[in-house]
Amino acid sequence: MRKVIAATGNQAIAIALRQIEPDVMCAYPITPSTQIMETYAQYIADGIVKTELRLVESEHSAMSACIGASAAGARVVTASSSQGIALMHEILYIASGLRLPIVMAVANRALSAPINIHGDHSDTMGSRDAGWIQLYAKNAQEAYDTIIQAIRIAEGARLPVMVCFDGFTISHSVQRIEILEDAEVKDFIGVYKPEHSLLDIKRSKTFGTFALPNFYAEIKYQQRDAMRKALYIIKDIDTEFLNRFGTSYGLFETYMLEDAEIATVVIGSTAGTLKYATDEMRKEGIRAGMLRIRAFRPFPAKDITDTLKHLKAIMVLDRTDSPGTDGPLYQDICSALIDMPIHPSISNFMYGLGGRELALEKAKRIYRDLADATRKGIKVEHGYDVRTEGVGR
Amino acid sequence: MKKLLQVQEALTGGHRLCAGCSESIIAKQVVMASPRPVVAILATSCLEVATTIYPYTAWMIPLLHVAFENVDAVASGVEAAYLALKKQSTLPHNEDLEILALGGDGGTYDIGLQSLSGALERKARIRRICFCNEGYMNTGIQRSSATPFGAHTTTTPRGNASFGKIEWRKDLTGIVAAHHIPYIGQAAPVTLKPHDLRIKAAKGFEADGPAFLNVLAPCSRGWGFEPKDTIAIANLAVETCYWPLFEIVEGKWNLTYEPKIKKPIRDWLAAQKRFEHLLTDEPLIEYIQKRIDEEWEALLKKCDRK
């Protein structure tokens, strides 16, 4: 039974974590995810949860401690953002390389310099090759549901999972959220039984060995294979979640795509604005649609190709820059569609950096430009939501 | 003898450490001293790369290696899991364990200092060994903050304009002491007091909170001595008061070995190629002797010997 509450994204995540009640949480505060660990620390102070909380001295140590706890057979969670994700970058690869099912809530935030505390995807996009499953939520409800699913996904795939949601837009906005009963969550996630444990002194094992060229590639290939299989695990867990709780999210979300001619592809909370813009376009007779990526790693390329192949033009919105080349989502969408004999015209728009909102008018302009170009048979130029006048050089 | 046969052995033979390396000796002695089964966490180091080459391992106890600069954070995570699972009675075996973290001076004095300080401040119940071989030996003998004054390394080379490292080594044991943890020891694999290292390790395993052992780890390749002389070099370090043996138990300093005759520092310097360029420079040797004497006097005072 769902119960309706009003909560910020961070509060919703903290509630989900309380219901999950991991064995260990190791974390270091950083805006905009700090509230998660503050709320959790209060649960511990109030004696509501038995979790061993380790308030370490940096994000690097937070992820390191998570690895130690996970290798020792505990169910482990953490939360972070921005510079914290960047600081633990080295250790993210080790978490996935050791195949540890750590779950991390990430309130996405821009990276310095200039320092900025607001939402964009630079932090997690910077670690997209770290071997972590990355799931991006569109609102607090999805973040809440996804963190519960992520426990099962991580343990099923034996891979770490990041549950990402836009800093402030989701993390700090009070939204209507339907939460599950504690017992329902506990029953859904079940008891974690690790296959290997560092604390198994009777079957002593060495974790984190030194692999030379004769074995390194084989071990990395197993990770790649696990990530491919994770697509099915994400789908299966989502189906089970649907059957139990009536909610499903899939690998990605589509909106008005079936008969669309033009579409946007996006990640995160901006999907809401784009849906609204889609409706407005439809009123003007423009056949617009939208696709929102939820699973970015593993990237569901085949399913996306099947969904987008009939379109004439696509604008891929990236909320991170990759100076010197195009946005990471754009590159993956191009790569997914390149095998089609005739594929849509694909353009890239950089938006939302450092928390800049994509206003409705801008969203509509993207659709109008796509529609105009399609009519003229030309490709829309790449865009960048930036002022060029009045900015110092 | 029978008792010795029952103790845990950390490492099997056939690992790939250099001939004469002191690290395997120290690791074995420390693990042997534990009254409980040991789970080890190892920083990236000589010891790590030489003992865990996949698909082989020289470790006969559970071992986790994560990275260079975070062994104490990893160990405190292992401890958190241990306590959580113990509380729920879901440990694989219902037995009390010891969590031992091991790192070189790079992973302890330098890149690992933050993680070490954090874990000590949080009073994680871990036992921490620093193999102090006074340099980045794993990457080919570069200077660390533990490298002594005047030593030649590949990044502080002797030359026409250089006598080697120009800075005095960092007082890491003193830094650890400032964390006020229950047990701290400075030790070395010596025959002049053969049980000193093992006894200190055993005390560490009984500490109610973190225990730290800074162990001098003579390095034949990096210091320039014959592999057969490892223990003799360690003895010399103690006899010259270059590396005094002491412990700090609940804040109380205690000297565990006092040389009857303090040997001159020249003996220590002359025994190793890394210092050979200093031997003709009398003022430098006098300077080193003076500082060693001052440090020794200060230590005696802390230990209430003066």
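A salt bridge is a side-chain nitrogen of Lys or Arg within 4 Å of a carboxyl oxygen of Asp or Glu. To see one, select E95(B) and K202(A): their side chains meet in a salt bridge, at 3.1 Å from N to O. The rule finds four salt bridges across the interface of chain B and chain A.

Before going on, note that this is a predicted model, in which local features need pLDDT of at least 70, side-chain atom pairs count only at pLDDT 80 or more, and totals for chains, interfaces and linings use all residues. Residues are numbered from 1 along each chain as its sequence is written, chains are lettered from A and ligands numbered from 1 in the order in which they are written, and side-chain values use heavy atoms, with hydrogens and water left out.

**The interface**

Select chain B and chain A together. Here 43 residues of chain B are in contact (heavy atoms within 4.5 Å) with 41 residues of chain A. The buried area is about 3,400 Å², and carbon and sulfur atoms give 65% of it. Buried area is the accessible area (1.4 Å probe) that two parts lose on being put together, summed over both.

Now pick out Y54(B), H93(B) and R122(B). These three supply 17% of the area that chain B buries against chain A, more than any other three residues.

**The sheet**

Next, show the strands, which are DSSP runs of E with at least two residues, while helices are runs of H or I with at least four; both are numbered from the N terminus. Two strands pair if DSSP finds at least two bridges between them.

Follow the open sheet of nine strands, in the order β9(A)-β2(B)-β1(B)-β3(B)-β4(B)-β8(B)-β7(B)-β9(B)-β10(B), with mixed pairing. Its edge strands are β9 of chain A and β10 (252–255) of chain B, each pairing on one side only.

Zoom in on β9 (residues 206–207) of chain A, which pairs with β2(B) in the parallel sense over two bridges. Within β2(B), L64(B) is the bridge partner of F207(A). Then move to β1 (residues 38–42) of chain B: this strand and β2(B) pair in the parallel sense over three bridges. There A40(B) has L63(B) as its bridge partner.

**A pair of rings**

Finally, select F241(A) and F245(A), which both lie in helix α9 (residues 216–245) of chain A, four residues apart, about one turn of the helix. They form an edge-to-face aromatic pair, 5.0 Å centre to centre with 70 degrees between the planes. Rings of Phe, Tyr and Trp (its six-membered ring) pair if their centres lie within 6.5 Å; planes under 30 degrees apart count as stacked, over 60 as edge-to-face and the rest as tilted.
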